[in-house]
Amino acid sequence: MLASSLRLAFPHPPYFNAFIHEPRCYFGTIKTPTSDRLLLVALLFRCSYGGRTLAALVEQQPLAMTYHRGALITGNDSVNLVFYGKFTASQRAIISDFVASLSPLPRQKHSLEPSVATWWTSLAKYYATSKTPLPKPVLGKQILDETCSLGKLLRDADLAKLAARGAARDTISVVLTAEDVAVDRFCMSRCGSHGSSSLSEAGSRFAYIWVGNSAAQCPGQCAWPFHQPMYGPQTPPLVAPNGDVGADGMVINLASMLAGATTNPFGDGFFQGPREAPLEAATACPGVYAKGAYPGYPGDLLVDPATRASYNAHGAHGRKYLVPALFDPSTSACSTLV
């Protein structure tokens with residue numbers, strides 16, 4: 001079953017709330033005082049799952065991040081990647097290098113900071129509460145399905161089937177769909193999701209993630225801030241650090257889902273608010289990537305002087321990435337690398 005979904009990554013709320021959990025949404029309307037015509041408030045809709053309602057224009061006080069005593073992901077877990085559809089070798093490298101960046105090799109003692117690894121270790125505050133060790137994810141196997149064996153219109157059950165191809169003991173299976181693959185509710189109300197399998201006869205289950213490439217379908221929704229937003233403040237898009245709007249956008253969403261799948265893999269780990277509408281480690285901080293963030297502005301990011309690309313974390317093989325803010329359970333505030 002799916003545990004949590006990643007809402008369209010529009011600019012910072014109130015313009016769009018970034019994450020949902022099994023959404024049931026309806027559009028809001030406003031009746032003008034001078035006309036009987038109803039004006040559709042584009043994408044400002046309420047969802048019965050997910051964090052703050054989109055109509056909330058006043059900043060709310062942060063909620064506590066509560067541990068619900070469920071199991072967390074621990075150990076040296078392999079992150080297996082299932083590429084569904086056609087991805088270029090460059091796109092696969094961008095994503096696989098990001099996963100490899102989460103736990104750098106011991107010989108990489110002098111990695112540049114801020115780093116993806118430092119971002120990941122900030123989750124240790126969650127594990128201190130649960131008295132379990134922070135997992136050390138490592139890049140596992142990569143599975144290619146370029147012929148789209150299940151078709152190009154996928155539902156949640158199909159995602160679970162694909163995830164099972166990369167499932168094994170001590171693994172997180174990640175399904176990545178190409179830009180011409182349609183997924184149920186993709187670009188309508190979500191950019192990615194994470195969930196878990198049913199219990200096997202042996203009493204085991206595995207966590208999995210799905211993230212789609214939005215480049216051809218909704219880059220202004222799921223690849224912001226590397227593409228002009230479809231709605232909200234029309235600020236210029238930032239230059240993607242690896243030169244690929246779709247793949248760099250996938251990294252943002254994958255990072256968010258990895259944080260959630262690790263600290264709340266089965267729906268009873270760490271989350272804010274009611275179980276039916278949880279906000280997790282990254283999804284509690286939508287649209288925030290650096291200090292100074294506000295609606296429509298991701299924050300004061302680092303800029304590569306040669307390429308003018310924006311980023312906030314260094315990764316493996318000299319790469320640069322943009323990773324989301326994480327909710328700090330000790331301060332009840334969103335924490336960024338820069």
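Mentor: Let us begin with a pair of strands: S5 and strand S8 (residues 171–177) run in the parallel sense and pair over 7 bridges. Please keep in mind throughout that this is a predicted model.

Trainee: In that pairing, which residue of S8 is the bridge partner of asparagine 80?

Mentor: The bridge partner of asparagine 80 in S8 is serine 173. S5 also pairs with strand S6 (residues 138–145), again in the parallel sense, over 6 bridges, and there serine 78 has valine 138 as its bridge partner.

Trainee: How many of the residues of strand S5 are buried?

Mentor: Strand S5, which spans residues 78–84, is mostly covered, since 6 of its 7 residues are buried. For the protein chain as a whole, buried residues account for 54% of the 338 residues, and the chain comprises 6 helices and 18 strands.

Trainee: Now the charged side chains: how many salt bridges does the structure hold?

Mentor: In general, side chains of opposite charge can pair when their charged atoms come close. This structure holds 8 salt bridges, and one of them joins lysine 152 to aspartate 180, with the closest N and O atoms 2.7 Å apart. That pair links distant parts of the chain, for lysine 152 sits in the loop between S6 and strand S7 (153–154) and aspartate 180 in the loop between S8 and strand S9 (182–183), 28 residues apart.

Trainee: Are lysine 152 and aspartate 180 buried or exposed, or something in between?

Mentor: Lysine 152 counts as partly exposed because its relative accessibility is 44%, and aspartate 180, at 43% relative accessibility, likewise counts as partly exposed.

Trainee: Which residue meets aspartate 156 in a salt bridge?

Mentor: The side chain of aspartate 156 meets that of arginine 190 in a salt bridge, at 2.7 Å from N to O. Aspartate 156 lies in helix H4 (residues 156–165) and arginine 190 in the loop between S9 and strand S10 (192–196), so this pair ties together parts that are 34 residues apart in sequence. Arginine 190 is buried, with a relative accessible area of 0%.

Trainee: What can you tell me about aspartate 184 and arginine 185?

Mentor: The side chains of aspartate 184 and arginine 185 also meet in a salt bridge, at 3.2 Å from N to O. At 25% relative accessibility aspartate 184 counts as partly exposed, whereas arginine 185, at 18%, counts as buried, because the cut-off for buried is under 20%. Salt bridges with shared partners join Asp156, Asp184, Arg185 and Arg190 into one network.

Trainee: Which residues does leucine 176 touch, leaving out residues up to four places away in sequence?

Mentor: With those residues not counted, leucine 176 touches Leu81, Val82, Phe83, Tyr84, Phe87, Ile95, Val211 and Met250.

Trainee: As a last exercise, where does glutamine 91 lie?

Mentor: Glutamine 91 lies in helix H1 (residues 89–101), and glutamine 91 is buried, with a relative accessible area of 8%. Leaving aside neighbours within four places in sequence, glutamine 91 is in contact with Lys86, Glu179, Asn213, Asp244 and Ala247.

Technical notes: Residues are numbered from 1 along each chain as its sequence is written. This is a predicted model: local features need pLDDT of at least 70, side-chain atom pairs count only at pLDDT 80 or more; totals for chains, interfaces and linings use all residues. Side-chain values use heavy atoms; hydrogens and water are left out. Helices (H or I, at least four residues) and strands (E, at least two) are DSSP runs, numbered from the N terminus. Buried means under 20% relative accessible area, exposed over 50%, partly exposed in between (1.4 Å probe, protein chains only). Contact means heavy atoms within 4.5 Å. Two strands pair if DSSP finds at least two bridges between them. A salt bridge is a side-chain nitrogen of Lys or Arg within 4 Å of a carboxyl oxygen of Asp or Glu.
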